[in-house]
Amino acid sequence: MTNVRELPVLPLRGILVFPYMVIHLDVGRERSMAAIDEAMLGDRMILLASQKESEIDSPTAADMYTIGTIAEIKQLLKLPGGTMRVLVEGISRGKVHEFLQEEPYFKVRVEEFTEKVRPLTPDIDALIRGVNHQFEEYAKLSKKVPTETLGTVLAVEEPGRLADIVASHLNLKVPEKQAILDALEVDERLERLTELIMREIEILELERRIGLRVRKQMEKAQKEYYLREQIKAIQKELGDKDERQQEADEYREKVAKAKLSKEVEEKTLKEIERLEKMPPASAEGTVVRTYLDWILVLPWNKSTRDKTDLKRAEAILNEDHYGLEKVKERVLEFLAIRKLTPKMKSPILCFVGPPGVGKTSLAKSIARALDRKFVRMSLGGVRDEAEIRGHRRTYIGALPGRVIQGLRTAGTRNPVFLFDEIDKMTSDFRGDPASALLEVLDPEQNNTFSDHYLEVEFDLSHTLFILTANSLYTIPRPLLDRMEVISISGYTEDEKVNIAARYLVPKQLKIHGLTVEILPLDQEILLKLVQGYTRESGVRNLEREVANLCRKVATRWVKKEWEPHPLTALDLESLLGTPRYHFQMVDMNPEVGAVTGLAYTEVGGDVLTIEVTPLPGKGHLTLTGKLGDVMKESAQAGWTFVRAHAQALGIPEDFYDKVDLHIHVPEGAIPKDGPSAGITMATAIASALSKRAVRPDLAMTGEITLRGNVLPIGGVKEKVLAAHRSGIKVVLLPEENRKDLEEIPANVRERLEFHFVSRMEEVISLALLPTADSDGYGHAAMSGVFASGVIPVAEPLPEEHPIA
C-alpha cells in the first residue's frame, strides 16, 4: 500500500535507520532541529534520509538519498549546548517525490510504502532459511550479536521485517545498507542481504584465521620464553652456564690467548659485555660477533722472520728478473740494514715505469727474497675512501678497509703489500682515497693507523709497502713526498732478447707442449722478433708474439708439416707474417736544414728529423707536425737565438724582413711535445739560413734558453739506444746529463761518440759542416772563435768531449 504525504526531513550522517528499528539520534544542526520541532507540532512523523557524503555539513536535496525511512519520534530530550537527543522508531519506507522547501528545514512530498502480507512462496522460504542460517553463523563469528537478540531475530516470520532487522545488525557501510533499503520488493531485498552476509562471513573467517595464527605465534614465543627461563633456573641450580654466558667466556679465553695491547683488549672486553646482555637472536648481536671475530683474527703480534741472507736474496732476484739493477740494489740494502738493526722502519717504495717492465712481478720477487707473505691491492678505479679505511659499524654489512683485509689474508703483520696502479685512483663525493693513503704510507704515522670499522689503532710500520705507477703526474704531491721513487725505464733490445731467451721462451714452450728440439730459437731470431714485431717498453707483446709463434709451430707439428730446424728470418715471416715495425735508419748524406733529434716516447726512444725550409716572406715562423705548446715555444726560442747571433753565424742581419721559415717534424699524425728538441730546432734554423749542411751521423737532444744555454733533459738511456739502433755515430747531450751515461749499457757506449755541451755555440761547432764541405762529409780547419763574433768554420772536435 502507498500513501503520499508531506513530511519534514531529518538528514542523517554516517547512519541509516531501517523500519522496525528503534534508535537514539543526537541532533545539533539548525535545520535538523527545526524539522524535529515541526514534527513535534504535528503527528510526530518525520522522514529519516541518509546523506551520500557524511562530511557535508549543510546538505542540499542532491546530497541525500531519495529513499528513506518514515519514523515516529517517541521521545525528545534537550541537551546543554543547544543540541537534542531524540528516540525514533522506524515505521515504513518512504520515497521522496519532490522537495517542497529547504529552509528553515527540509520538507518533502513522500510516498509511503507499507509491507503487504503475502503468502510464502518456496523461493522466499528458501531465502528466509538461508538468511537465518547465515545470520546465525555471522553471530558466532562476530561475537557482537547477543544471544537474546539472535533468538528475537530468528523468531520473526515476516520476510520483509526479517530482512530489515538482520541488515540493521550487520556491520555494513551506509551505501550497502542503502542498497537493502532501496529494495522495495521482498525477494530482491533478501537476495541482496544474502550476498552481503556471505561476504561478511568470509571476511570474519579470514580475520579469525589471521588472529588464530598470530595467537599461535605469540603463544609459541611465550612458551619458548617460559621454557628458556626454566632452563636458566635449572642450569643455575646445577651450576651450568647458559649459551650467552658460554659464548662470552669463549671470547674472553680467545682474548687472553691473543695477547692484545691494553687499549684493544679493553675495547674487546667491553664489546663482549655488550654481547652478553643481548638476546641470542638480536641483530645487533650478529654485528658485535662479526666485530669480535675480526679483532681476534687479525695478526696483532704475528710476524714472519726475514731471511737476511744477501746471497740467497740476490740469487732469487736475478732468477726472476733480468736487469733492474737499481731496484735489486735497493732491496739488498734494506736486507743488509735489517740484519744490522731489526727495529728499522720499512721503506715505502714506488716503482715508476712504462707498462710491461715487471713492476708487479718484481714486488712478488721481493716478497720471495725476504720470505714474507705477499698481498696485492689494485687501486685502478678506486674512488671511495672506505676502500682504504673501511666503513663505520653503524652501516649494514660494514667491513674493515682493504688494508686490514689484506693483513688478515696474509696472517702476519709484516707482509709485502703491493698497491698496484696508484696513478689510476680517482675521487668523488664519497671521499678521496689518495688522502686516506697518506696515513697508511707515512712511516711516522702508520704505526697508529685507525680503521673506521675497528675503531682501534693498528701498527702498519712493519709492513713493506710497494707501489707501482706508469706516471708520476697524476699522483698527488703530498702522497708522492712519502714515497721513495725508483724509476724503471724500458728494456733495451739486448735486455729483451735475454729476457725472452731466459724466461719467456721456456715458459711458452712448456705451456704449448713443445721442446727446444722442436722449436729452437736463437738470439738472432729473437732480435728480429723484437725489432720487427713489437714496439714497447716492456715485454708483454713480445711474450704474446712468442706464444703466437709456438701456436703456429704446434699446429704444424701436430699435422706433421713441421721438421725441427733452427728458425730463419724467412720462417719468421712465414709463421707471423711480414714485420709490422721498421726502425728509421738515418740518411748518411749531409743536408741543409735537416737535423736528427732524439725523442722519448711511451714505448722507448726514437729518432726524428727536424726539417727547416726558408722562403721569401716577412719573417713569419710556421710550425707543423702536430706540435705541443712547449715544443712550439722551443722553436720560438731557437728562432730568437739565431736572430740574436745572425752576424756570427754569417747570416744577413736583416734576413727576418725578407725570409719566412717553415719548421716541420715528420710523422704529422703523432702528437709531439717537450722542450728537449730545442737545440735540434735551433741548429736546423741556423743550417737553413747559413746554407751549411749538418753532419748526417750526428744526433742531439737538449733544451735551449734565449741566452744559448743548453739545459738537461730526461730519458737519456732510451734516446741513446734509439740513436744506436738508427745508425748514429755521434750523440750530443747536455753537460748536466753526463751523470746519466752510466745507465747506458757498456756495449752501446763503446760504439758511440758522446759530446757533452753547455752552450749553443758548441752545438753549432760540432753539428754544422763548413760551407766549402756542405755537399759532402768531412772536417775542415776552422778558424776564429764564436765569442769574438766569428763562427768557427771547421775546428777539430774537442778532445775532452768524446767518451769511449
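Author: Let us begin with a definition: a residue is called buried when its relative accessible area is under 20%, exposed when it is over 50%, and partly exposed in between. Please also keep in mind that this is a predicted model.

Reader: Is serine 676 buried or exposed, then?

Author: Serine 676 has a relative accessible area of 16%, which is under 20%, so this residue counts as buried.

Reader: Where is serine 676 placed, and what does it touch?

Author: Serine 676 sits in the loop between β18 (659-664) and α22. Apart from its neighbours within four places in sequence, serine 676 is in contact with Leu598, Thr701, Gly702, Glu703, Ile713 and Lys719.

Reader: What about glycine 714: where is it found?

Author: Glycine 714 belongs to the loop between β22 (710-711) and α23 (716-725). Its relative accessibility is 45%, so glycine 714 is classed as partly exposed. Lysine 424 is 290 residues from glycine 714 along the chain, and the C-alpha atoms of the two are separated by 23 Å.

Reader: Let us turn to helix packing. How do α21 and α22 cross?

Author: The axes of α21 (residues 629-644) and α22 (residues 678-690) come within 8 Å of each other and cross at roughly 45 degrees. That angle makes α21 oblique to α22. The crossing of these two helices is right-handed.

Reader: Which residues make that contact?

Author: On the α21 side they are Met631, Ser634, Ala635, Gly638, Trp639 and Val642, while α22 contributes Gly678, Met681, Ala682, Ile685, Ala686 and Leu689. By class, the contact of α21 with α22 holds 9 nonpolar and 3 polar residues, with no charged ones.

Reader: And at what angle do α18 and α19 pack?

Author: Helix α18 (residues 523-533) and helix α19 (residues 540-558) pack at about 120 degrees, and their axes are 10 Å apart. The crossing of α18 and α19 is right-handed. Leu529, Val530 and Tyr533 of α18 meet Leu542, Glu545 and Val546 of α19. The residues of this contact divide into 5 nonpolar and 1 charged, with no polar ones.

Reader: What span should helix α2 have, and what does the model show?

Author: Helix α2 (residues 122-142) has 21 residues, which at 1.5 Å a residue should span 30 Å; the end C-alpha atoms are 30 Å apart, in agreement. Among the buried residues of α2 are Ile124, Leu127, Phe135 and Tyr138.

Reader: And for α9, how do the two values stand?

Author: The 15 residues of α9 (residues 283-297) should span 21 Å, and the end C-alpha atoms are 22 Å apart, which agrees. The buried residues of α9 include Arg289, Tyr291 and Trp294.

Reader: A change of topic: which backbone features deserve a look?

Author: As background, most residues other than glycine have a negative phi, and most peptide bonds are trans. Tyrosine 20 has a positive phi of about 70 degrees and lies in the loop between β1 (2-12) and β2 (22-27). Glutamate 455 has a positive phi of about 65 degrees, and its loop runs between β10 (449-450) and β11 (457-458).

Reader: How accessible are tyrosine 20 and glutamate 455?

Author: Tyrosine 20 is partly exposed at 27% relative accessible area, and glutamate 455 is partly exposed at 38%.

Reader: Finally, which peptide bond is cis?

Author: The bond from glutamate 103 to proline 104 is cis, with omega near 0 degrees. Proline 104 is in the loop between β5 (84-101) and β6 (106-113).

How values were computed: Residues are numbered from 1 along each chain as its sequence is written. This is a predicted model: local features need pLDDT of at least 70, side-chain atom pairs count only at pLDDT 80 or more; totals for chains, interfaces and linings use all residues. Side-chain values use heavy atoms; hydrogens and water are left out. Axes are lines fitted to C-alpha atoms, for helices over the stretch in contact, and angles run from 0 to 180 degrees between N-to-C directions. Helices (H or I, at least four residues) and strands (E, at least two) are DSSP runs, numbered from the N terminus. Angles under 35 degrees count as roughly parallel, over 145 as roughly antiparallel, 65 to 115 as roughly perpendicular and the rest as oblique. A crossing is left-handed if the near helix is turned anticlockwise from the far one by less than a right angle, and right-handed if clockwise. Contact means heavy atoms within 4.5 Å. Ala, Val, Leu, Ile, Met, Phe, Trp, Tyr, Cys and Pro count as nonpolar, Asp, Glu, Lys and Arg as charged, and the others, Gly among them, as polar. The expected span of a helix is 1.5 Å times one less than its number of residues. Buried means under 20% relative accessible area, exposed over 50%, partly exposed in between (1.4 Å probe, protein chains only).
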